[in-house]
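Open the structure in your viewer and keep the selection tool ready.

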Amino acid sequence: MADFYAQFGRPVGFPGWLAGKLMASREGNKRRNAWTVDLLDIQPTDLVLEIGYGPGLGVEWAVAKVTNGLVVGFDHSDVMHGQARRRNQRAIELGHLLLRTGPLEAAAELGLRFDKAFCCNVAQFWPDPNAALAQFKALLKPGGRLAITYQPAGHGAKPADADRFAERWRGLLHAGGFRDVQVERLADLKPRPAVCLLAYA
Ligand SMILES: C[S@@+](CC[C@H](N)C(=O)[O-])C[C@H]1O[C@@H](n2cnc3c(N)ncnc32)[C@H](O)[C@@H]1O
């Protein structure tokens, strides 16, 4: 089971494909992605970045709000790129969405600065959170907004894990030079509540 949970950090092959289908079908996943995007108050002309788009639920919700801007997604899994591309084919063809395969570090290669950036159940996989936050700070415009959402998942996950995550990441965001750090909770999310940390670059 621990091996299958690893698929959610970097889906590969058939088990990774299955993990993507599970993520795409769960109501809780859909809701936490939509909630995260809504918290960012995305404007029609915004340039928006998602890291770790998985099967593409978050970028799909963001594209609906960005009518005159661009949504860009990076995920280091080829399998997730395939699923997210199929889900969002029309937005890609219309030039509203750019989906790349690659890690957070690769996003700098586009030479863009974003108004909003988000990730949903991705930050728990980062080996070096300080380095990841420095990357986000460099990718956001001054005053740009970051949302980091976490819903405890996997064997033995508990609701209290969300609060522990929020306390840890609140400190990391302050230390990383982010301003006005705010914690939101989605208390009635099933099977466990989620937290979202919001902050300005
Ligand atoms: C648990 S899934 C969440 C997917 C999606 N955000 C959602 O909530 O439905 C985590 C995703 O983040 C991706 N990921 C993890 N670390 C990453 C990194 N450093 N750069 C890019 N993608 C990453 C994984 O490949 C996986 O698709």
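This is a predicted model: local features need pLDDT of at least 70, side-chain atom pairs count only at pLDDT 80 or more; totals for chains, interfaces and linings use all residues.

Two elements give two or more residues each to the shell around the ligand: helix H3 (27-39) and strand E1 (47-51).

Next, show the 24 residues around the ligand. Those that come nearest are Phe8, Arg32, Gly52, Asp75 and Cys120. Sorted by class, the shell has 12 nonpolar, 8 polar and 4 charged residues.

Which residue has a polar backbone atom 2.8 Å from a nitrogen atom of the ligand? Select Gly52 to find that atom. At His76, a polar backbone atom is 3.2 Å from a nitrogen atom of the ligand. Asn33 uses its side chain instead: a polar atom there lies 3.2 Å from an oxygen atom of the ligand. How much of the ligand's accessible area does the protein cover? On its own the ligand has 600 Å² of such area, and the protein covers 96% of it.

Leave the ligand and turn to the aromatic rings. The whole structure holds 5 aromatic pairs. One of them is Phe14 with Trp17; the ring centres are 5.7 Å apart and the planes are at 20 degrees, so this pair counts as stacked. The cut-off for stacked is planes under 30 degrees apart. Both residues belong to helix H2 (residues 13-25), where Phe14 and Trp17 are 3 residues apart, about one turn of the helix.

Two backbone details remain. Select Asn121, in the loop between strand E4 (114-120) and helix H7 (129-139). Its phi is positive, about 50 degrees, although Asn121 is not a glycine.

Finally, go to the loop between strand E6 (179-186) and strand E7 (194-200), where Pro191 is placed. What kind of peptide bond joins Lys190 and Pro191? The bond is cis, with omega about 5 degrees.

Technical notes: Residues are numbered from 1 along each chain as its sequence is written. Side-chain values use heavy atoms; hydrogens and water are left out. A residue is near a molecule or strand if one of its heavy atoms lies within 4 Å of it. A polar contact is a pair of N or O atoms within 3.5 Å; within protein, one must be able to donate a hydrogen and the other to accept it, and residues adjacent in sequence count only if both atoms are side-chain atoms. Accessible areas come from the Shrake-Rupley method with a 1.4 Å probe; for residues, only the protein chains shown count as cover. Helices (H or I, at least four residues) and strands (E, at least two) are DSSP runs, numbered from the N terminus. Ala, Val, Leu, Ile, Met, Phe, Trp, Tyr, Cys and Pro count as nonpolar, Asp, Glu, Lys and Arg as charged, and the others, Gly among them, as polar. Rings of Phe, Tyr and Trp (its six-membered ring) pair if their centres lie within 6.5 Å; planes under 30 degrees apart count as stacked, over 60 as edge-to-face and the rest as tilted.
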